[in-house]
Amino acid sequence: MKTSKCRLPRLLAAVLCLMLLISTSAAEQSAEDLLSVFTLNHGSRESKKIAITMDDVYEPEWVWKTAELCRQYGITMTFFPIGINVKEADGNNWRALVEAGHEIGSHSSNHKEFHDIGDLVAIERLGKFQERLDRALGYHYPVRWFRPPFGNINAKDGTSRAMVRAIRTFGYDHIVRWDVSETDPVKAFPKVQNGSILLYHARHKDYVCLETLIPQLLEAGFEPVTVSELFGFDKPEAGGKVYVYDKEKYKNQ
């Protein structure tokens with residue numbers, strides 16, 4: 001009897017532990033599945049529309065120069081700046097960007113990975129991005145798209161759970177990645193397909209690539225558009241009160 005009494009609690013503990021592992025695994029798989037469906041790497045392969053995108057914006061002058069390049073060719077694109085790089089001092093330039101028909105998506109408030117962070121930290125990174133963007137513009141701009149730092153949506157390290165909670169909180173339509181990332185126009189051009197999403201960064205070599213690549217793409221019949229246009233969305237309806245991130249608000253949700 002003593003042996004039996006000793007084994008029973010251990011058996012129950014083992015069963016409970018196994019149930020917890022199964023439950024946790026299912027939750028992580030659910031988040032992974034959601035992100036898999038939620039993530040877009042390219043648009044329709046039946047359409048000549050493509051989306052040129054630009055990340056980070058550590059050197060904002062290349063954003064303004066790229067916008068001028070777009071004006072010359074009559075095209076638009078989507079920019080994914082990091083929140084800390086969206087400054088009120090550049091407000092006129094950001095407003096001009098939106099007024100010219102370009103689109104702005106979120107690349108988080110900083111460029112830190114979403115590894116091993118809690119839900120509230122993920123929400124804070126998206127919330128602070130929105131706040132900095134709105135302050136620079138002087139009005140609310142409803143961000144529609146999210147591009148995770150490094151494009152990472154790996155569920156195994158807990159990224160998925162925090163990311164799902166954050167994107168649900170802010171109502172993003174999709175996570176946007178890419179299928180072309182190449183700064184040599186000779187190598188980039190043959191990689192572009194119908195519906196491609198091209199990844200660039202705000203820096204000199206990327207701008208030089210686009211100077212050559214954009215006219216080549218247009219000559220080949222491609223139509224560069226914003227990410228929203230690529231997927232059939234109307235452009236975001238900007239305006240209204242500036243968003244202010246309130247940490248306490250999300251603690252109680």
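Where is Asp56 found? Asp56 sits in strand E2; point 7 returns to this residue.

1. **Basis.** This is a predicted model, in which local features need pLDDT of at least 70, side-chain atom pairs count only at pLDDT 80 or more, and totals for chains, interfaces and linings use all residues. Residues are numbered from 1 along each chain as its sequence is written, and side-chain values use heavy atoms, with hydrogens and water left out.

2. **Confidence.** pLDDT is the predictor's confidence in each residue, from 0 to 100. Its mean over the protein chain is 84. A value of 70 or more is reached by 80% of the residues. Residues 1-29 have pLDDT below 50. Beyond near neighbours in sequence, that stretch has 1 contact in the model (contact means heavy atoms within 4.5 Å). Where pLDDT is low, the predicted coordinates should not be read in detail.

3. **Overall make-up.** The protein chain has 9 helices and 8 strands. These are DSSP runs, numbered from the N terminus: helices are H or I with at least four residues, strands are E with at least two. Of the 253 residues, 47% count as buried. Buried means under 20% relative accessible area, exposed means over 50%, and partly exposed lies in between (1.4 Å probe, protein chains only). Among contacts with a separation of 6 or more, 81% join residues 24 or more positions apart. The chain exposes about 13000 Å², with carbon and sulfur atoms supplying 53% of it. Accessible areas come from the Shrake-Rupley method with a 1.4 Å probe; for residues, only the protein chains shown count as cover.

4. **Nonpolar cores.** A nonpolar core is a set of buried Ala, Val, Leu, Ile, Met, Phe, Trp, Tyr and Cys residues joined through side-chain atoms within 4.5 Å. The largest one has 54 residues. Ile52, Leu198 and Tyr200 have the most contacts inside it. Two or more residues each come from strand E2 (49-56), helix H2 (61-73), helix H3 (91-99), helix H4 (119-137), helix H5 (159-170), strand E7 (197-201) and helix H7 (204-219). H4 gives the largest share, 7 residues. Leaving aside neighbours within four places in sequence, Ile52 is in contact with Ile75, Met77, Thr78, Leu198, Tyr200, Leu210, Ile214, Leu217, Pro224 and Val225. Another core, of 9 residues, lies apart from the largest one; Phe80, Val225, Val227 and Leu230 are among its members. In soluble globular proteins, nonpolar side chains tend to be buried together.

5. **Helix H3.** Which residues of H3 are buried? They are Gly91, Trp94, Leu97 and Val98. These residues cover an arc of only 125 degrees around the axis, so they lie on the same side of H3. The arc is that of the directions from the helix axis to the C-beta atoms. The buried residues of H3 pack against H2, strand E3 (78-81), strand E4 (103-104) and H4. Exposed Asn92 and Glu99 are on the face turned away from the buried side. Gly101 follows H3, with a positive phi near 100 degrees.

6. **Salt bridges.** A salt bridge is a side-chain nitrogen of Lys or Arg within 4 Å of a carboxyl oxygen of Asp or Glu. By this rule the count is 7. One of them joins Glu68 and Arg71, whose closest N and O atoms are 2.7 Å apart. This pair is separated by about one helical turn, because Glu68 and Arg71 are 3 residues apart in helix H2. Glu68 is partly exposed at 33% relative accessibility, and Arg71 is exposed at 56%. Arg135 and Glu131 also pair, at 3.3 Å, N to O. They are 4 residues apart in helix H4, which means about one helical turn between them. Arg135 is partly exposed at 40%, whereas Glu131 is buried at 15%. Lys191 and Glu182 form a salt bridge at 3.6 Å, N to O. Lys191 is partly exposed, at 42%; Glu182 is buried, at 17%.

7. Most residues other than glycine have a negative phi. Asp56, in strand E2, has a positive phi near 75 degrees. Asp56 is buried, at 10% relative accessibility. Ser108 has a positive phi near 80 degrees. Ser108 lies in the loop between E4 and H4. Its relative accessibility is 0%, so Ser108 counts as buried.
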